[in-house]
Amino acid sequence: MNMQTAITMTAAETALVDAYTAMIGELPGEGAVLSARDALLADLKRQGLPTRRVEAWHYTDLRALLRAVPAHDPSAFAQRVEPLVAGSSVLSVLNGKADVKTAPAGINLRSYAESLVEGVAAADLIERDTDDAIGRINGSFVRDGFEIEVPEGTVLEQPLELQLVQSAGQSHSRFPVTFGANSRATVIERHLSVGDAASLVTVVSDLILDDSAEITWIILQQQGASDSHLAQVNFDLGANAKLRLFIINAGGKLVRQEIHGVTTGEGADFQLRGINLLGGDTHTDVTFTLGHDVPNTTSKEVIRNVLFDRAKGVFQGQIRVAPDAQKTDAKMACNTLLLSDDADFSAKPELEIFADDVQCGHGATVIDINPTHLYYLRARGIPENKARAMLVNAFVDEIVEELEDEGLIETLETIISAWLEKHA
Amino acid sequence: MAAVQETIDQVALIDVDQYKYGFETTIEMDKAPKGLSEDIIRFISAKKDEPEWMLEWRLDAYRRWLTLEEPTWARVNYPKIDFNDIHYYAAPKSTPGPTSIDDVDPELLKVYEKLGIPLREQEILAGVEKPRIAVDAVFDSVSVVTTFKEELKKAGVIFMSISEAIREHPELVKKYLGTVVPTTDNYYATLNSAVFTDGSFVFVPKGVRCPMELSTYFRINEKGTGQFERTLIIAEDGAYVSYLEGCTAPQRDENQLHAAVVELVALDDAEIKYSTVQNWYPGDKEGKGGIYNFVTKRGDCRGKNSKISWTQVETGSAITWKYPSCILRGDGSRGEFYSIAVSNGHQQIDSGTKMIHLGKNTSSRIVSKGIAAGVSQNTYRGQVSTHRKAENARNFTQCDSLLIGDKCGAHTVPYIEARNSSAQFEHEATTSKISEDQLFYCLQRGIPTEAAIALIVNGFVKEVIQELPMEFAVEAQKLIGISLEGSVG
Amino acid sequence: MLEIRNLHARIAEDGTEIIRGLNLTVKAGEVAAIMGPNGSGKSTLSYILSGREDYEVTEGDILYNGESILELDPSERAAKGIFLAFQYPVEIPGVATMQFLKVAMNEQRKFRGEAELTTPDFIRRVKEASARLHINPDMLKRPLNVGFSGGEKKRAEILQMALLEPKLCVLDETDSGLDIDALKIVADGVNALRSPDRAVIVITHYQRLLEYIVPDTVHVLYKGQVIKSGDKSLALDLEANGYADIIGAAA
């Protein structure tokens, strides 16, 4: 009903529309790319940002939460940092601009700005559905990123780090990545902020895994306490492809991380492990949908949330099983430790099942620290506050341990411990 | 496994041919003309001989309803309802209101006999073994008789139709009506507030344990009518009551609307147990006809340590849209929801509960068992939330779905909202089919496939069946068997 | 070393009284066995000694080396040398056993004003102690008690005891669920810790464990009181004749 009547635009909506007018002249791409951008912006203008009345945004009223949008700041300066894991190949995006020093051996690569200029990117700039606010904003404004192809049979021994460093303003990046059949790789998508200026970062990664590719994709989001971070990972899994997606949110003021996937080849397996470390005034939403579209595919998702201060956390997870997708095995768990009375957490784990020969389930818990565990540790002489910290750490470390790479585990555990020490 | 496939096929074929209650009765009716307007509301109110305040209350709701939009968020599909193509009032001419059993039209009594509902107190008394149950029989828009009224009165319990209560106990009705489900609550509740025709009223005073089960039996008979039932149950401090409702309707090609509102109020230490066996006509195998069951049921645990428990067995209706909920306002209060929802043929169910934790030390438990067969869609939708001040809220939710055949759908949509660090919520959901191992085990022990499926399904729903009053548990078990298996009972 | 005087205690949640005027003295160097039928309060006593908050002391006192410990929290009691080997050691997913041992040892040392262990020193100690108890080093890589068999859990408890070097060891039905070989290993572990400045309280149902850990004194607990005390022959007597006679005589 509110489609007919023109909406009154909020400050953020106005800022986005104004930013488009100001920036469109220098955003890469013409012709089809430009028309695609125009169409997305027109939708944004017409629909506005989603409110809680849009079911997909039920717990994250973007229209109310996105108060302001910082203007693009061409003079902002950011530098690449050391990779998370020594020896990784680093592809940086600094304040929205791709920066390649040396292309890693074995993969085909070009900046997404080139794809936009060339026009091939026009096909990417579409909305997933009418609720796809992230795709809409990112598609309107996307400036750079990387288009990556890991050729068939390629095995990357060292991780590939996509390093996004933001110092101010806004940046909108895309990463279409194709993993050829039987390829193996670990990719770290890392989001960092320098300085205290508020920024808006949007990122869309489109992953295609060909048959039997086995990929670990790690997202480590450590943006500043005043940043807005709107991100989307889309994936498509071919036959016997395996994708392990690890997401750690440990920063940002307004964070929405969407994950949307489909299994299109039999034998595909998807594993999601998520850790949300939420403190201060953050509002962090992880929204996940997975379509088991063909028979004999499996998935498991485990999300662990720890909340301090006035943090608000959201997990929405939807598993769909298509009518013929027999023998689907899908399990989803969302466990939350709520450690402050001013924090809150909402979960909506959904199952949508159209095939009968399946094993699907989900569990969701909101709990306090287990008093028996606490007592056991104290009975061994560990003081209460230390014992609590150990148990909170354990709650999330359990997830990290599943990454078999010792170096990576240690690095991530250090980051988590440091975060918990700061907020506990 | 061939045997399994055979059963699935067979289950898919069964539909309303199994609906035992599809007969129609010809009784001369007094009807309001089709359509909805302030005049129709005045007509209903006048028929019921209502006081002015009640009419005003209805008109307020009606004006509000005109500004509302029909909700679309539920996972159900149906053509737009023409609210002006419905009779909002239909009463048997011979028995236009509650009366004594001797004055009830014998044709009507035959209907209830056929449905197996005991209305003659002496007959009930004669059956010494059976526990006694007081019945309020609602036929289309009116209550035709309420049994055991006198005996209940001796215990201090008021059990009568809501129309009578409005006339005889206006102070109680005024005090509680619309306090749990306000007239502004939702599209159908607002409509109900404007046009409700009958339903039951129960008042159990302080400290009284209601001496028998109470029940209301709803029958939609007349063509082209909607049934708008309104039930209000109040248990004062320390009181206890167990109440059961049953529903049936004739087989018809048209869709009929049933939009009820049920309000429960439990004061300090009171307990209300509300059970439903809903068996409205579900439509035929093409999906034609059947009842649209759009119901708002809510209990208010207003007093400390009060308890409200909903148990429902849903086997009927073309579309079910219903979320019996508990507002856990009183400290230490407890809400329970036990549900079995069976869908077959083209049925669509979107049902579940809301547990709203407001008081301290409140607890809730949800056990939902959905069984989908045929080409039906069966959705559990539930909300568990805590208020920021609701310390030590506890919830346990178990929500299981069973699929029989690969043309149906089972869906689970829980909303879990924790706003206090002392909250402890546990939610589990599973979806599966009947395990071949279990089935094989039964077969190996000489149990035929159909019986084995009935056995396994009954095992699947046992936890909920146990919550029903004894005498209805057997009935419910049979009903589930019938809706899925036909010959297997 | 330990003196329990007229102790009364109840379950905090529902007020059920479990310990009803219990008196018990255990000297340094002594091994005391506490026996008694099910529900007599044996496990409750071990929890109360360790400071579990599910129980409330309503009367009486517990003196440890002459001072009351009732006001101390569980970790302070542990740091002062009171160790409870649990009947059912809890599984704590995510907490690595090695990490747990290191934190526990160092926190206790910190409390006593001792220097923290260096990592090599810590590892050496764990290796030596686990070798003595026939504990496979792989077990220590797993999260605490997670996936351990019953016997492994009990051995892990004794390992912790050996590493933490407590002064008062309380073994709560450490023999339950152990086969004879595991029982011998556990008993050897306990016997190795016997010393003139250390006391051990062995809570058990059966004489069997006492064949391996020979007690100096035996106390029969019934309805929250010690109704009879004696030397090791009392345990043999109970094994032969059951509790009925003693309970009858006390009543």
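Mentor: Start with a definition: two strands pair if DSSP finds at least two bridges between them. Bear in mind that this model is predicted.

Trainee: What makes β3 and β10 of chain C a pair?

Mentor: Set the count against the cut-off. Strand β3 (residues 31-35) and strand β10 (residues 199-203) of chain C share four bridges. At least two are needed, so they pair. Their sense is parallel. C:Ala32 stands opposite C:Ile201 in β10(C).

Trainee: Why are β6 and β12 of chain C called edge strands?

Mentor: Look at the order first. The six strands of this open sheet in chain C run β6-β9-β10-β3-β11-β12, with mixed pairing. β6 (82-85) and β12 (225-230) of chain C each have a single partner strand, so each has one side without a neighbour in the sheet. From one strand to the next, the twist averages 20°.

Trainee: Which strands of chain C does helix α1 lie across?

Mentor: Helix α1 (residues 42-50) of chain C lies across β3, β6, β9 (168-172), β10 and β11 (217-222). The helix runs at about 145° to β6(C).

Trainee: What makes B:Val241 a contact partner of B:Val202?

Mentor: Contact requires C-beta atoms within 7 Å. B:Val202 is listed as a contact of B:Val241, so that pair meets the cut-off. Leaving aside neighbours within four places in sequence, B:Val241 also contacts B:Val204, B:Cys210, B:Leu214, B:Ile233, B:Ala235 and B:Ile272.

Trainee: Which residues touch the most other members of the largest nonpolar core?

Mentor: They are B:Val202, B:Ala235, B:Val241 and C:Ile201, out of 327 residues in that core.

Trainee: How far apart are the C-alpha centres of the two domains of chain A?

Mentor: The centres of domain 1 and domain 2 of chain A lie 31 Å apart. Five residues from domain 1 and seven from domain 2 make the contact. On the domain 1 side there are five nonpolar, no polar and no charged residues.

Trainee: What makes β18(A) and β22 of chain B a pair?

Mentor: Six bridges join β18(A) and strand β22 (residues 409-418) of chain B. A:Ser346 stands opposite B:Glu417 in β22(B).

Trainee: How many residues of chain A are in contact with chain B?

Mentor: 34 residues of chain A contact 32 residues of chain B. β17 (329-338), β18 (344-353) and β19 (359-367) of chain A each give two or more residues to that side. β18(A) gives the largest share, 10 residues. By class, the chain A side has 17 nonpolar, eight polar and nine charged residues.

Trainee: Which element gives the largest share of the side of chain C that touches chain A?

Mentor: On the chain C side, α3(C) does, with five residues. In total, 20 residues of chain C contact 17 of chain A. The chain C side has 12 nonpolar, five polar and three charged residues.

Trainee: What percentage of chain B is buried?

Mentor: Buried residues make up 57% of the 489 residues in chain B. The chain has 12 helices and 23 strands.

Key: Residues are numbered from 1 along each chain as its sequence is written. Chains are lettered from A and ligands numbered from 1 in the order in which they are written. This is a predicted model: local features need pLDDT of at least 70, side-chain atom pairs count only at pLDDT 80 or more; totals for chains, interfaces and linings use all residues. A nonpolar core is a set of buried Ala, Val, Leu, Ile, Met, Phe, Trp, Tyr and Cys residues joined through C-beta atoms within 7 Å. A residue is buried if 20 or more other C-beta atoms lie within 10 Å of its own, exposed if 12 or fewer, and partly exposed in between; C-beta atoms are placed from the backbone. Two residues are in contact if their C-beta atoms, placed from the backbone, lie within 7 Å. Domain bounds come from an automatic or database domain assignment. Ala, Val, Leu, Ile, Met, Phe, Trp, Tyr, Cys and Pro count as nonpolar, Asp, Glu, Lys and Arg as charged, and the others, Gly among them, as polar. Axes are lines fitted to C-alpha atoms, for helices over the stretch in contact, and angles run from 0 to 180 degrees between N-to-C directions.
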